[in-house]
Amino acid sequence: MPTLTSDMMRQIIMDHYSNPYNKHQPNTDQFIKVHMHSDNCIDDLDIFLLIEGNIVKDACFDGVACTISTSSTDIMCDLLKGKTIDEAKNIIKQYDNMIHELPFDEEVLDEAIVFINTSKQAARIRCATIGWNAADKILKDK
Amino acid sequence: MYDVYKIRKQFPMLNNKKMQGHDLVYLDNASTTFKPQCVIDATVKYYSDETANHHRGDYDLLYNMDKKVRETRETVAKFFNCDTNEVVFTSGDTMALNLIALSYGFQFLKKGDEILVSEAEHASDALPWFEVSHLTGAVIKFIPLDEDGVLTVDNLKKVITNKTKIISVAQVSNVLGNVCDVKAFAKVAHEYGAVMVVDGAQSAPHMKIDFKDLDIDFLTISGHKMCGPTGIGCLIGKYDLLQQMWPYFVGGGMNVTFNKNIEMIPFEAPEKFEAGTQNLAGILGLKAAIEFLDSIGMDEIHQHDRELCEYALSKLEKCDDIIIYNKNAKNGVITFNKKGVFAQDEATLLNSKGIAVRSGQHCAKMLNDFLGCAATVRMSTYLYTTKEDIDAFVDAVINGGDFLDAYFN
């Protein structure tokens, strides 16, 4: 992935906030759902993963959420779709490392790299991770 | 002459404090307030020079502490114009409201009775009554707000009935800053035989409250919202009501005797509600805080908040992309949104410029329908807020740039 300028990073966040492709209810009842809410932001989200065998077949979310949580969750859904459970777990792990300023593998994060500065605004870490924590919860026992 | 700069010198938190590399502009006073040195000193003195328990004055240190607790009760009583034995110490406003709900509501309400709260109510004044409703079968009804978000006697009269036993409202809304005429409310409440509970968490720091003149039955306050320490507050109640109420929170220091027949005789009010060792450092700090506010004058503080609000509104109203939800309240609170910007994103942007405000639902989660939005930004002033603070805030709101700057600069 080419190096992103801060303008490009802003644009990615705003695109996923204004037009979150994965923000909708699931189309079947086969999805596993986890509800998440934040005690320091408005975020109140349902995250849905469709797991078939070893593969995260589909991912979506719905609810009320701020810019950072909407866009980070939307990007996460894009990233997890089609991945094996182990690959998905690794992406979540690398993202978590990035958010907490630990060494991480940029390769697997793709657009999610736009949240690299979250730690500057510590109050928003919860927003940038709420959807990811939900997916982690679902995948943990898989 | 109100000298805000002289007042500020007494607050260590206002002495060159930085946030995100900028001078701190603290506009979240509805949430909690900074403490003047005299309050800090009073609290520290308890730990460094006066440590003792209270309740049994067998030696000088302890006798001294009992005396100071008594003096604080007198200070509170004088400040709110009630009797000394009408002041119960609690951990804060929330505990005080829970205490009323449990010791009055649970004890005296029954199935079919009605409790009136407002749809603007803070969690601390709504949820204790939800519990009473679940425990007793009493019904909760909501007093509608008028178009300005004000609780009016007209609207109270629309929902009050002969079954109404409790009316519980905030004197000043923590989101909209509107003042409710609780004196008029109490008059109507008493005509219907209902008890009037007033949550004073947001009003006590900003205006003179005369418990006797208002003729309300209960008033609750939090010390930390009025320059006092956290973990201390008061329930003020009419003495005959306090005497009728059973103390469900029990332990040492609140009973005359107990025996193997599983009987306990509580003290009289207010001590019967104060089980266990109280927050003594907090009590001493509360006394210092009230004396501090008194030395400035509540009317002067109220006027200062009002002027700052008008000043901020005069600037914000000129901007087309700022939505203000409480233009007419002018009571130290402005609740707003910037068009197209999610409330917490605006608050993050302000944080990046050293400005502390609050975003979200402000614990008043039933108010969203009225506001027509999921979240708002709230700025709230206090006695040490300056016009320069307002200028910095307004400038950041209007010219602060894109809210994502906070992420990328």
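A residue is classed as buried if 20 or more other C-beta atoms lie within 10 Å of its own, as exposed if 12 or fewer do, and as partly exposed in between. In the predicted model described here, B:Val153 has 14 other C-beta atoms within 10 Å and is therefore partly exposed. The residue belongs to helix H6 of chain B, which covers residues 153-159. When residues up to four places away in sequence are left out, the contacts of B:Val153 are B:Asp181, B:Ala184, B:Phe185 and B:Val188. Between B:Val153 and B:Lys9 the separation is 144 residues in sequence, and the C-alpha to C-alpha distance is 42 Å.

Chain B is assigned two domains: domain 1 consists of residues 4-30 + 297-408, and domain 2 of residues 40-295. A distance of 29 Å separates the C-alpha centres of domain 1 of chain B and domain 2 of chain B. To the contact between them, domain 1 of chain B contributes 22 residues and domain 2 of chain B contributes 22 residues. On the side of domain 1 of chain B that touches domain 2 of chain B, at least two residues each come from helix H11 (298-316) and strand E14 (333-338) of chain B. The most is given by H11(B), with 5 residues. By residue class, this side of domain 1 of chain B comprises 12 nonpolar, 7 polar and 3 charged residues.

Chain A contains 4 helices and 3 strands, which follow one another from the N terminus in the order α-β-β-β-α-α-α. Along the principal axes, the C-alpha atoms of chain A occupy a box of roughly 40 × 30 × 25 Å. Of the 142 residues in chain A, 38% are buried. Considering contacts in chain A between residues at least 6 apart in sequence, 60% are between residues at least 24 apart.

The 3 strands of chain A make up an open sheet with antiparallel pairing, in the order E1-E2-E3. Strand E1 (32-37) and strand E3 (55-64) of chain A are the edge strands; each has a single partner strand, so one side of each lacks a neighbour in the sheet. From one strand to the next, the twist averages 20 degrees. E1(A) runs antiparallel to strand E2 (residues 44-52) of chain A and is joined to that strand by 6 bridges. Within this part of the sheet, A:His35 lies opposite A:Asp46 in E2(A). Helix H2 (residues 67-80) of chain A is packed on the sheet, where H2 is in contact with E2 and E3 of chain A. The direction of this helix makes about 165 degrees with that of E3(A).

The contact between the two chains involves 14 residues from chain A and 14 residues from chain B. Helix H1 (residues 6-18) of chain A accounts for the largest share of the side of chain A that touches chain B, namely 4 residues. The residues on this side of chain A are divided into 7 nonpolar, 4 polar and 3 charged.

Definitions and conventions. Residues numbered from 1 in each chain as written. Chains lettered and ligands numbered in written order. Predicted model: local features only at pLDDT ≥ 70, side-chain atom pairs only at ≥ 80, totals over all residues. Domains from an automatic or database assignment. Contact = placed C-beta atoms within 7 Å. Nonpolar A, V, L, I, M, F, W, Y, C, P; charged D, E, K, R; others polar. Pairing = 2+ DSSP bridges. Axes fitted to C-alpha atoms, helices over the stretch in contact; angles between N-to-C directions.
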